[in-house]
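Please keep the structure in view while reading.

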Protein chains: 2
Amino acid sequence: MTAAILDGRLLAEKVVARATGDIAALGRAPGLATVLVGDDPASALYVRNKRRQCVAVGIRDLHRRFDADVTQDELAEAIRALGDDPGVTGILLQLPLPPHLDADALLALIPPDKDVDGLTETSAGRLALGRPGLRPCTPLGVLELLDAHGATLSGAEAVVVGRSSLVGKPMAQLLLGRDATVTVCHSRTRDLAAVCRRADVLVVAAGIRGLVAADAVKPGATVIDVGIHRTPGGLRGDVDFPAVSAVAGAITPVPGGVGPMTIAMLLANTVTAARTL
Amino acid sequence: MTAAILDGRLLAEKVVARATGDIAALGRAPGLATVLVGDDPASALYVRNKRRQCVAVGIRDLHRRFDADVTQDELAEAIRALGDDPGVTGILLQLPLPPHLDADALLALIPPDKDVDGLTETSAGRLALGRPGLRPCTPLGVLELLDAHGATLSGAEAVVVGRSSLVGKPMAQLLLGRDATVTVCHSRTRDLAAVCRRADVLVVAAGIRGLVAADAVKPGATVIDVGIHRTPGGLRGDVDFPAVSAVAGAITPVPGGVGPMTIAMLLANTVTAARTL
């Protein structure tokens, strides 16, 4: 069989259109404070993209930039001030930070209801306890892709490869919240291919190029590839796309799958936060 | 084969002895504030047991009792005061509370470093993110039982049946933190016995008497039964003990397995909290 392609670009556009409508309906523009420290070109590029997309949907761009030698206290004071500012409805601290700064301590200063990246301890706790809250953008985007495809999650066997705080762990919690039977695999898993073959829904977020081959996929399964690797031949994922797409029922491409969903879900989270505050 | 019996009473005594030694080494007595609201006999009994065991190991008993008609504000004020009191190193809010009170809002007032039950959003977030913190007592006791038995967790297939915030979900996180490949099952799981049969380590916390029979257990597996059910014939668990003990490699009895570990781990958590503060 040839797998259906789950088009993240198309879906991201729909999510963005929904966010635009939601913001118009809100009656007041959400304000997103993107906090960027230093001159890392990749971070600068990510933040620029986020700001551009925010402005395009009607979110106020409340960007704050700090030099690489900013002190912990100065940055903490700035984040506290953003937390107290009622015009700021979302705060995003771009990671990684320079090594002299304690990122976890700074993240902890973001009020949970403004934590549009869903990365604070409180947001992680709310997710773990199944309570309302802001969720990390990438796993939320994966869920949106699965829903748009009409994947059945309740009672399904879902396998998540990878256990990062950013993707794997929250992904497992979200799938559990949707009543899937969820298995989390990682570098210590004994027979990864055998465990993956159980999956009706397989989410791969291991950060290892081509880790999942055709022998790790049950015929007809839905396969979501969160990996992104630059190669001379272009962007590749954690899944061997040509081989797996001959076995899977549905699959995300790289690029154009999960990637475009992440920023789209940031916009959606910014709307959710503005609504809650 | 006949399974080894994992004796929770014996191990709980060891954990208590260790806590007693740790407290002596601390040089100052931890102080545990048990907060009891109303006259529920079961809650009163639990709190009485906890207080008695605390006193026995050298923890100061800072019990607070409130009438069932206490207001949210009064209770919130009391918990805030305990949070601010440096002599109080642990706070335990006995649940359930009368229905007019918002338990989650009250739990949120417990400083995370005094949260000896590990039930606050912050504690759940710290566990989910793999950061140091106080963990819920029952899953911590299960881990202690597994370790005392010498069970290999790294690379093992662990299956947790049940996804409560009190046991199933934190249990899965703890096992994942120990490098097991972890699956969480629940009422929507399609073929529960088949999924359980994959387990090298099977933790059953479903609250359904006799749910796990011999056909759900791989020969030689380690089986932990968190269930407790009163029957005319005595206490029973979620596992069909006579049948499963003929298949498993090791098994906890009910009573005398996980039950005694829960209070023991509360004492251990109270020591941990006192050390951190």
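A salt bridge is a side-chain nitrogen of Lys or Arg within 4 Å of a carboxyl oxygen of Asp or Glu. By that definition, 14 salt bridges are counted between chain A and chain B. The model is predicted.

**Charged and polar links between the chains**
- One of the salt bridges joins the side chains of Arg190(B) and Asp200(A), at 2.7 Å from N to O.
- There are also 29 residue pairs in polar contact between chain A and chain B, with both residues at pLDDT 80 or more.

**Size and symmetry of the contact**
- Chain A is superposed on chain B by a rotation of 180° with 0.0 Å of shift along the axis, at an RMSD of 0.0 Å.
- The two copies are therefore related as by a two-fold rotation axis.
- Both copies use the same surface, as 100% of the contact residues of chain A recur in chain B.

**Strand β9 of chain B**
- In a regular strand, side chains alternate between the two faces of the sheet.
- In β9(B) (residues 222-225), Thr222(B) and Ile224(B) point one way, Val223(B) and Asp225(B) point the other way, and all are buried.
- β9(B) pairs in the parallel sense with β8(B) (residues 201-204) over 4 bridges, and Val223(B) stands opposite Leu202(B).
- β9(B) also runs parallel to β12(B) (residues 250-251), joined by 2 bridges, with Ala250(B) as the bridge partner of Thr222(B).

Conventions: Residues are numbered from 1 along each chain as its sequence is written. Chains are lettered from A and ligands numbered from 1 in the order in which they are written. This is a predicted model: local features need pLDDT of at least 70, side-chain atom pairs count only at pLDDT 80 or more; totals for chains, interfaces and linings use all residues. Side-chain values use heavy atoms; hydrogens and water are left out. Buried means under 20% relative accessible area, exposed over 50%, partly exposed in between (1.4 Å probe, protein chains only). Two strands pair if DSSP finds at least two bridges between them. Copies are superposed by least squares on the C-alpha atoms of residues with pLDDT of at least 70 in both. Contact means heavy atoms within 4.5 Å. A polar contact is a pair of N or O atoms within 3.5 Å; within protein, one must be able to donate a hydrogen and the other to accept it, and residues adjacent in sequence count only if both atoms are side-chain atoms.
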